[in-house]
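Here is a friendly walk through one protein model, written for someone who would rather look at residues than at tables of coordinates. Keep the viewer open as you read.

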Amino acid sequence: MSRFIPHFNYIKAYILQLKLLRKAMSKIIHIKNDPIAAVALAAEHLKNGKVIAVPTDTIYGIAAMVQSFEAVQDLYTIKSRNPHKPIAICVSRIEDIQKWAKVTVPNTLLNDLLPGPVTVVFHRTAALNPDFNSTTSLIGLRIPNHQFICQLADRVGSPLALTSANISSEQSSLSVNEFEVLWPKLDLVFDGGVIGETKASRLGSTVVNLSNQGYYKIIRNGSAYEDTVNTLQKYGLKEEGR
């Protein structure tokens with residue numbers, strides 16, 4: 001009889017794996033099925049302090065409410081991210097940037113860069129959660145060129161902590177299947193399809209520090225480096241250190 005025990009244990013393990021997979025799959029929300037309902041559902045879960053996965057204009061990200069200390073801590077834990085490494089925030093419109101950051105450039109420049117694959121960095125204002133990125137006076141802000149994430153940020157009425165959907169330092173994700181390992185740790189996963197299919201697609205946003213008025217400093221080249229530099233120079237900004 002004992003010879004059947006290993007086989008029986010294998011079946012039990014297989015059934016358990018199927019149950020876990022089924023549970024994980026139940027978290028997947030296909031945005032195209034009902035975009036309006038998807039935004040409403042995502043907003044509800046964010047307001048309840050949950051961490052979710054979302055598509056952007058560059059790569060998939062995971063998001064939480066910036067003003068919720070617990071949600072942001074969960075986000076760091078899910079990614080296995082260094083707690084001292086800052087995270088950018090996502091807003092829905094240019095006017096929102098003024099509330100959370102001390103802007104040093106004209107709105108016309110911001111309108112030329114955003115919405116788009118660019119993260120602009122300024123000194124933060126006192127309105128931002130003091131526990132968020134508490135080790136720096138700077139804050140990176142994004143307005144992705146993606147209808148779902150912008151509508152979501154607008155609906156919750158508060159900035160979203162937004163970072164790539166992957167274990168820290170691992171490859172970024174262009175589809176939800178590429179970060180399947182994170183599904184069990186996330187509240188919901190919003191599937192917007194495959195975002196891009198090239199190596200350049202994985203570079204994420206171009207990150208530029210604009211906190212020093214009249215100057216710019218590229219922190220990460222990202223996927224929009226040339227367009228970003230051309231736009232900054234068009235407005236007379238000089239590269240810091242040159």
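Six of the seven residues of strand 6 (residues 118-124) are buried, so strand 6 is largely enclosed by the rest of the structure. Please bear in mind that this is a predicted model.

Which strands pair with strand 6? Strand 10 (residues 206-209) runs parallel to strand 6 and is joined to it by four bridges. Strand 7 (residues 138-142) runs antiparallel to strand 6, with five bridges between them. Strand 5 (residues 101-102) also pairs with strand 6 in the antiparallel sense, over two bridges. Thr119 has Val207 in strand 10 as its bridge partner, Val121 stands opposite Gly140 in strand 7, and Lys102 is partnered by His123 in strand 6.

Leu114 and Pro115 are joined by a cis peptide bond, with omega at about -5 degrees. Pro115 belongs to the loop between helix 5 (107-113) and strand 6.

Two other loop residues have a positive phi without being glycine. For Asn133, phi is near 50 degrees, and the residue sits in the loop between strand 6 and strand 7. For Ser169, phi is about 80 degrees, and its place is in the loop between strand 8 (160-164) and strand 9 (188-191). Are these two residues buried or exposed? Asn133 has a relative accessible area of 7%, under the 20% cut-off, and so it is buried. Ser169 counts as exposed because its relative accessibility is 77%, over the 50% cut-off.

Now for the helices. Two packed helices are described by the angle between their axes and the distance between the axes. Helix 2 (residues 35-47) packs against helix 6 (residues 147-156) at an angle of about 50 degrees, and their axes are 9 Å apart. Helix 2 and helix 6 are therefore oblique to each other, and their crossing is right-handed. On the helix 2 side, the contact is made by Ala38, Val39, Ala40, Ala42, Ala43, Leu46 and Lys47. They meet Phe148, Gln151, Leu152, Arg155 and Val156 in helix 6. By type, the residues of this contact are nine nonpolar, one polar and two charged.

Beyond its neighbours within four places in sequence, Lys217 is in contact with Val207, Val208, Asn209 and Glu240. Two C-alpha separations are set out here.

| Residue pair | Separation along the chain | C-alpha separation |
|---|---|---|
| Lys217 and Glu240 | 23 residues | 5.5 Å |
| Gln233 and Tyr216 | 17 residues | 9.1 Å |

Finally, step back to the whole protein. What does its secondary structure come to? There are seven helices and twelve strands. Of the 242 residues, 48% are buried. Among contacts between residues at least 6 apart in sequence, 63% join residues at least 24 apart.

Note on methods: Residues are numbered from 1 along each chain as its sequence is written. This is a predicted model: local features need pLDDT of at least 70, side-chain atom pairs count only at pLDDT 80 or more; totals for chains, interfaces and linings use all residues. Side-chain values use heavy atoms; hydrogens and water are left out. Axes are lines fitted to C-alpha atoms, for helices over the stretch in contact, and angles run from 0 to 180 degrees between N-to-C directions. Angles under 35 degrees count as roughly parallel, over 145 as roughly antiparallel, 65 to 115 as roughly perpendicular and the rest as oblique. A crossing is left-handed if the near helix is turned anticlockwise from the far one by less than a right angle, and right-handed if clockwise. Contact means heavy atoms within 4.5 Å. Ala, Val, Leu, Ile, Met, Phe, Trp, Tyr, Cys and Pro count as nonpolar, Asp, Glu, Lys and Arg as charged, and the others, Gly among them, as polar. Buried means under 20% relative accessible area, exposed over 50%, partly exposed in between (1.4 Å probe, protein chains only). Two strands pair if DSSP finds at least two bridges between them.
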